[in-house]
Amino acid sequence: MTQNFINMCYMKTLKILIHILIVIPLCLLILIVTRKQQESIIQYWCKKLLSIFEIKVELKGFATYLFNQKKYLIVSNHISWLDIIVIQSIKPSIFVAKSDVASWPLFGWVAHMTGTIFIKRDKVSDIKKALKKMKRRLNKRSVCIFPEGTSTNGRYVLPFKSNLFQSSIDTNKPILPICFRYEEHHHYSDKVAFVDDMSLVDSIIKIKKEKHITATLEVLEPIRPRGNRKEIASYTHEIIQKSLSQNLS
């Protein structure tokens, strides 16, 4: 029994490594294909990675909004780097990430190649540059932000930083709120949470040992960008926090 388990872990690790390496030629291919083909490539790779990790995805609420052609400022609470993989597997989007991600081995390069907007939140000049990029991208693709500015264990939602909500106001693009939670056998789980001083490699090793994790996305009703960014950020935080509180078990 123990040997079988070791063999299964070995095979899973091998599949993960091979699939991660496949992203290199796929990213080079992204440079020469159409936007629609780019999205299909990203979506395929992310779906396959989730399948290898044996992570199921469950959509709830107003999920149909993820499948239309409208451009949104997607706003979500943040638990793990897997949040990005899950969203990309459903609605390929441009992400705004903290500048540290750019230095991650391989994944940082992939983020660059797929159009990620990097930002240092403590620099006003960086925020202004990011907003300009976001507004340009929102005319062609949905853009996703995690306005907590960091990840949590998934039991609560930190206050939202409001700066990047300005992109929704300036482009008149609706906000699509998403409440993320990870479950094991229909109960809250923090096994994929990417928190504290955990490295990306440590996180991957931890997640690959799991078999019964479900990423649940509660898609909330879109919000029209009315009022100022602080009001919109506060309201968006409120409804995501309410959704999370109602569904934790």
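Before the pockets, one definition: a pocket here is an open set of grid points with protein on both sides within 12 Å along at least five of seven lines, and its lining residues have an atom within 4 Å of a point. Bear in mind that this is a predicted model.

Start with the largest pocket, at a volume of about 860 Å³. It is lined by 42 residues, and those closest to its centre are Trp81, Ile84, Ala97, Val101 and Trp104. Which element gives the largest share of that lining? That is α1, with 5 residues. At least two residues each come from α1, α2 (35-53), α3 (82-90), β3 (94-98) and α4 (107-113). By class, the lining of this largest pocket has 28 nonpolar, 10 polar and 4 charged residues.

Now the second largest pocket, with a volume of about 410 Å³. Here 19 residues form the lining, and Glu39, Asn68, Gln69, Lys91 and Pro92 are the closest to the centre. Two or more lining residues come from each of α2 and α3, and the largest share, 6 residues, is from α2. The classes in this second lining are 9 charged, 6 polar and 4 nonpolar residues.

Last, the surface. Leu21, Ile24, Leu28, Leu29, Leu31, Ile32 and Trp109 form a nonpolar patch there, together exposing about 670 Å² of accessible area. Helix α1, residues 2-30, supplies the largest share of the patch, 4 residues.

Note on methods: Residues numbered from 1 in each chain as written. Predicted model: local features only at pLDDT ≥ 70, side-chain atom pairs only at ≥ 80, totals over all residues. Heavy atoms only, no water. Patch = residues over 30% accessible without salt bridge, like charges linked within 9 Å, V, L, I, M, F, W, Y side chains within 5 Å. Areas by Shrake-Rupley, 256 points an atom, 1.4 Å probe, with all protein chains shown as cover. Salt bridge = Lys/Arg side-chain N within 4 Å of Asp/Glu carboxyl O. 1 Å grid on protein atoms, 1.4 Å probe; cavity = no way out; pocket = protein on both sides within 12 Å on 5 of 7 lines; lining within 4 Å. Points joined across faces, edges and corners; volume = space filled by probe spheres on them. Nonpolar A, V, L, I, M, F, W, Y, C, P; charged D, E, K, R; others polar.
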